[in-house]
Number of protein chains: 2
Amino acid sequence: MTDGQERLIAEAERRLGPKAVVTGMADIEPWLTDWRGRLHGASPAIIAPASTEEVAEVVRLAAEHRVPLVPQGGNTGMSGGATPPTDGSALLLSMRRMNRIRSVSAENRLAVAEAGVVLEALHHAAETVGMRFPLTLGSRGSCTIGGLASTNAGGTQVLKFGTMRSLVAGVEAVLPDGSIHNGLSGLKKDNRGYSLDQLLIGAEGTIGVITAVALRLVPAVAARAVAWAGVASPTHALDLLRFIQSQTDSLEGFELVREDCLQLVVKHVPGSRSPLRGSHPWHVLVETTTAKAALDVGGQLERLLAEALKAGIIADAALAANEAQADAFWKLRDSISEAERAEGQTLAHDVSVAVADMPKFLVEASEQVERAFPGVTATGFGHLGDGNIHFHVRAGSHAAPDWYEREGGEITRFVDDLVTAAGGSISAEHGIGQLKRGEFARLASPARVHALRAIKQALDPLGIMNPGKLIP
Amino acid sequence: MTDGQERLIAEAERRLGPKAVVTGMADIEPWLTDWRGRLHGASPAIIAPASTEEVAEVVRLAAEHRVPLVPQGGNTGMSGGATPPTDGSALLLSMRRMNRIRSVSAENRLAVAEAGVVLEALHHAAETVGMRFPLTLGSRGSCTIGGLASTNAGGTQVLKFGTMRSLVAGVEAVLPDGSIHNGLSGLKKDNRGYSLDQLLIGAEGTIGVITAVALRLVPAVAARAVAWAGVASPTHALDLLRFIQSQTDSLEGFELVREDCLQLVVKHVPGSRSPLRGSHPWHVLVETTTAKAALDVGGQLERLLAEALKAGIIADAALAANEAQADAFWKLRDSISEAERAEGQTLAHDVSVAVADMPKFLVEASEQVERAFPGVTATGFGHLGDGNIHFHVRAGSHAAPDWYEREGGEITRFVDDLVTAAGGSISAEHGIGQLKRGEFARLASPARVHALRAIKQALDPLGIMNPGKLIP
């Protein structure tokens, strides 16, 4: 432990109370490894303030003693953004004690949640007033509002409601000098210069710690319809997406799945079976929802799929007969990563290109990767309507046990080059963190690299906010 | 003219051609005064590049010769953000020659327009493909896309579609070092660090020049319904807003008008008359639209207003019987500023508070202003659903001709104090420019002031981008 760390910890304990400081190694240990279990850091303490003022106090102490802080929410990030550096130079700043929902209002369609509120808790709070916070993702039982905002999280409902960036109505944050930015007033229009709220969203804690967020709520779902359709190609899937969107505003979920991914799920996940009788090269999971009980979304979706079938856009479709079947359809989609892991080593890429370009990209990139790295299987699945595909490369059955470590880097660079050539993003929703920092530095435009470095240096000149993350 | 200006002009003429440089005083003159005619600047030349690369070239020359640039679009800003400083130290950077619509696609629901494209031209381009760009405002025949993005413009359709910030899918800009940021790829999801697009929106040209914008399109309007309702108070108006919003997604316009404003319009604008027979303390203009021809928005709005009447939310209502009448209703709303000017001196404030707080604020602030400044009339009208009211203070009939100059500052400070105490914004949609810079500096939080200055200094260390604007 450095002298600065020791002084900060002592001061924090004195001012914030003993609950705010954790130094027992067994208590710290679980928070030193990232969610995927690939990155391991070190830190002598977790500081856990209970209020915005306490966060400001900790940040001021960190500045005074030149001790870097690594903000952490549910520690469910995909790119290691919340894992401390290995040299133990930083302290973890846990937001878990800031877990109050300050307000939730159906009338204003707003909730204000502190950074440490777990997503699922916000979902429930919204439900109690007949509303809904529409963003959701697999880790909803652990991920926190602060982390979701700091990483501009996405998920499966982005098609209709956008990412966190669209759902955040205001941000409260402690800036690296210990001052408090309060953007929670819930103003719908405010043109007083650069949007600090928008700058902090997706900044991964590198220029401030988000302490609370005002979030837009939408009316609760009154009914939903879920269907599974078989299509000949990603182009057909996109045609289906556009056809449905041209006919209704109810579309909320649209997930693309390749046949081999579905077969892996059927093989590895007990109780799962294909919704359609025959086999199809590609599949689509469609969900429509309505907030108005009067609208028959099931009948509407059935009609639209019948028209799509007649028009040759889809080859077959099945409408979920009940909620259990709807959940089963979604489970097929949500189990792909798990099934792939069960099958063998998988290298994941979270990429985006323009929606219109995705079908072509998906087919061509898969072919190119499989040609360049004989034996692998390259496939994509996910949020076609957002132009965001999880592009996974699976090791062949004869791959060495260290395939991931040995070939992963080269394959990832190959994929990232294809994405960049297509004008896309090497991180659609998972952020940069530490995992993608090298690739980001290699591929980002000089203008972007310069601007990011300049902003970081300007707002965090001492480099105490989440060092080693995001900035190329 | 300074040596640096002379060298820049000569170089620009040599590299960009004679069309790109305007030095005739008669040609420059109209661009030296702001839209309201209150601010006057000076500049020895207008530089008008025709491409992004030419803009980059001009910015590099400006950096080399230390000559500040004032980016200008349609010169329709409300806060003097595009008016050069009075000392003639800056050159105008006109975007008017960058007026191509690079693409417009119904399929992708996107258009890419260069900064100098006039809003109305974009409206027409969207119409040709059966789509619509939903942002609109009074100056649509002159204002440009670059200026709209740089000021995060609002207008009358924000309730449904948001400000420019929500409608911009990507920004291309030249940064102060002459590098080009290209955010036009149309990615719906991209988490590669701080959003430069969002930072540039509303930055008023102080950290870069927006050269082109990717804009979201929505389906064209198939039908609209417009109604005028009389209500007892702003609280009743808000109740009506929430009632309609709870029943339909079709609500697009919701404008609040006080009786005295309506009477001024009737008095000063030829051919205008009140839509309702009796008199009401407050009025509301409601517009609903649909993109689907099948939906009877007129019948729906009529039904909703009948229910609101029965529930005592409104006192009376009239549905526009045809398009001409709908236009006439809107003209009443749009003519308020003009009618006020005809009546006498008016001091305008463009303020916002949280939507739920607006009715109380509006009534109380009017009373407080009228008490503090005997003889004046304080009133508000505008975008109630956005919490954004144009809060106008009219001079009494016995006011001195120099009332505006003599008392304006004090009244504005009084209003701005009330807005700040209510957690609101002193600039909801008009920006800061040079007009509101003093008040912004006086009232902004230290955290905001520090962050804005740090970002400006980091990205524009030479201070060549629109100096004297926005930054407190």
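Modeller: The model is a predicted one.

The interface itself involves 73 residues of chain B and 72 residues of chain A. An interface's size is often stated as the accessible area lost when the parts come together. Between chain B and chain A the buried area is about 5,500 Å², with carbon and sulfur atoms giving 56% of it. On the chain B side, the residues that lose the most area to chain A are Lys189(B), Asn191(B) and Tyr194(B), which together account for 20% of what that side buries.

Now the packing within the chains, starting with chain A. Helix 9 (residues 234–247) of chain A packs on helix 14 (residues 358–372) of chain A at an angle of about 160 degrees, and their axes are 8 Å apart. Angles over 145 degrees count as roughly antiparallel, and helix 9 of chain A and helix 14 of chain A are therefore roughly antiparallel to each other. Their crossing is right-handed. From helix 9 of chain A, the residues Pro234(A), Thr235(A) and Leu238(A) meet Pro359(A), Leu362(A) and Val363(A) of helix 14 of chain A. By class, this contact of helix 9 with helix 14 in chain A comprises five nonpolar residues, one polar residue and no charged ones.

In chain B, helix 14 (residues 358–372) packs with helix 15 (residues 403–421) at an angle of about 150 degrees, with the axes 11 Å apart. Helix 14 of chain B and helix 15 of chain B are therefore also roughly antiparallel to each other, and the crossing between them is right-handed. Phe361(B), Ala365(B), Gln368(B), Val369(B) and Ala372(B) of helix 14 of chain B meet Phe414(B), Val415(B), Leu418(B) and Val419(B) of helix 15 of chain B. Eight of the residues in this contact are nonpolar, one is polar and none is charged.

The remaining pair is helix 1 (residues 3–16) of chain B and helix 3 (residues 52–65) of chain B, whose axes come within 9 Å and cross at roughly 155 degrees. Helix 1 of chain B and helix 3 of chain B are therefore roughly antiparallel to each other, with a right-handed crossing. Helix 1 of chain B brings Gly4(B), Arg7(B), Leu8(B), Glu11(B), Ala12(B), Arg15(B) and Leu16(B) to the contact, and helix 3 of chain B brings Glu54(B), Glu57(B), Val58(B), Leu61(B), Ala62(B) and His65(B). The residues of this contact of helix 1 with helix 3 in chain B divide into six nonpolar, two polar and five charged.

Definitions and conventions. Residues are numbered from 1 along each chain as its sequence is written. Chains are lettered from A and ligands numbered from 1 in the order in which they are written. This is a predicted model: local features need pLDDT of at least 70, side-chain atom pairs count only at pLDDT 80 or more; totals for chains, interfaces and linings use all residues. Side-chain values use heavy atoms; hydrogens and water are left out. Axes are lines fitted to C-alpha atoms, for helices over the stretch in contact, and angles run from 0 to 180 degrees between N-to-C directions. Helices (H or I, at least four residues) and strands (E, at least two) are DSSP runs, numbered from the N terminus. Angles under 35 degrees count as roughly parallel, over 145 as roughly antiparallel, 65 to 115 as roughly perpendicular and the rest as oblique. A crossing is left-handed if the near helix is turned anticlockwise from the far one by less than a right angle, and right-handed if clockwise. Contact means heavy atoms within 4.5 Å. Ala, Val, Leu, Ile, Met, Phe, Trp, Tyr, Cys and Pro count as nonpolar, Asp, Glu, Lys and Arg as charged, and the others, Gly among them, as polar. Buried area is the accessible area (1.4 Å probe) that two parts lose on being put together, summed over both.
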